[in-house]
Each structure stands twice: as structure tokens, then as C-alpha cells.
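Trainee: I have a new model to look at. Walk me through it, please.

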Amino acid sequence: MNRIYLALLLTAAWSQASHALDREQRHGKALLETMCARCHAVGKTGKSPLAEAPPFRTFGEKLYDTDFVQRLQDGLTTMHPGMPTFRFGRDDAEAAVNYLKAVQQRKKPK
């Protein structure tokens, strides 16, 4: 009986560790919370404060473009007139993209 409890405890601990963010991802999250959270939902849950601003967890395939990190460095702009242009340094851009990849929603099977 004690082995079962130990196995359950170890499984739960391992599961929690797999969801923890690494140092770079925590840095990316902090950057995005500072720069973007007044309009966008930055985390795995929650609504965006600005209804038209998509939650970052829905970006999906955009994050896997080979030039997304470079676009953040060059100055990310959109056609939305209220969104300011943000320019990231290389390390910050990589941290932001790595965090965004960590919080993406899994696609629902059809």
C-alpha cells in the first residue's frame, strides 16, 4: 500500500515539474507581461483585457516561422493601429518565443 502512495506522489511531483517554466521562459513571460498584458492574455488561461487582442496561447504555428525571432528584433508591427511597435534584443526575443511555445494550447482533435 505504501508503494502505491509513493508511486502516486512521485508521479504527481514529476507531472508538476514538467509544467514548470525554465529560467529563460520565466524571463520571456516577465517581458510579455510588462509589454503586452494590458491588451493580451499572456498566460495559459484568462481572457485578453482588450477583446480584439488574441490570447498569446492561440498563436500556434506563427511561432514556428523561422523568422519570428528576427521579426521581434526588427520591430513587430501589425495592421492594428492601436498596437505599438515593439523591438526586442536577440536574447529577449528568444526568451519570449520560448515562453510562447510553452503556453500554446494543444489543437483539439477533429
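**Chat notes**

Mentor: Start with Tyr64, which counts as partly exposed at 46% relative accessibility. Buried means under 20% relative accessible area, exposed means over 50%, and partly exposed lies in between, with a 1.4 Å probe and protein chains only.

Trainee: What kind of model is this?

Mentor: A predicted one: local features need pLDDT of at least 70, side-chain atom pairs need 80 or more, and totals for chains, interfaces and linings use all residues. Residues are numbered from 1 along each chain as its sequence is written, and side-chain values use heavy atoms, with hydrogens and water left out.

Trainee: Back to Tyr64. Where is Tyr64 found?

Mentor: In the loop between H2 and H3. Its C-alpha atom is 9.0 Å from that of Val97, 33 residues apart along the chain.

Trainee: How many helices and strands are there?

Mentor: Four helices and zero strands. The pattern along the sequence is α-α-α-α. These are DSSP runs, numbered from the N terminus: helices are H or I with at least four residues, strands are E with at least two.

Trainee: How much of the chain is buried?

Mentor: Buried residues are 28% of the 110 residues.

Trainee: Which residues touch the most other members of the largest nonpolar core?

Mentor: Leu32, Phe56, Phe68, Leu72, Phe88, Tyr99 and Leu100, out of 18 residues in that core. Helices H2 (23-36), H3 (68-74) and H4 (90-103) each supply at least two core residues. H4 gives the most, with six. A nonpolar core is a set of buried Ala, Val, Leu, Ile, Met, Phe, Trp, Tyr and Cys residues joined through side-chain atoms within 4.5 Å.

Trainee: What does Leu100 touch?

Mentor: Leu32, Phe56, Leu63 and Phe68, leaving out residues up to four places away in sequence. A contact means heavy atoms within 4.5 Å.

Trainee: New topic: H2. Which of its residues are buried?

Mentor: Gln25, Gly28, Leu31, Leu32 and Cys36. Seen down the axis of H2, they fall within an arc of 120°, so they line one face. That arc covers the directions from the helix axis to the C-beta atoms.

Trainee: What happens at the start of H2?

Mentor: A side-chain oxygen of Asp22 reaches to within 3.2 Å of the backbone nitrogen of Glu24.

Trainee: Now His40. Is it buried or exposed?

Mentor: His40 is buried, at 12% relative accessible area. His40 sits in the loop between H2 and H3. It touches Ser48, Pro49, Ala53, Pro54 and Phe56, not counting residues up to four places away in sequence. The His40 side chain reaches the backbone oxygen of Pro54 at 2.7 Å.

Trainee: Last one: Glu94. Which helix holds Glu94?

Mentor: Helix H4. Glu94 is partly exposed, at 26%. Glu94 touches Glu24 and Val69, again leaving out residues up to four places away in sequence. Val69 is 25 residues from Glu94 in sequence, yet 6.0 Å away in space, C-alpha to C-alpha.

How values were computed
Polar contact = N/O pair within 3.5 Å; in protein donor to acceptor, adjacent residues only side chain to side chain.
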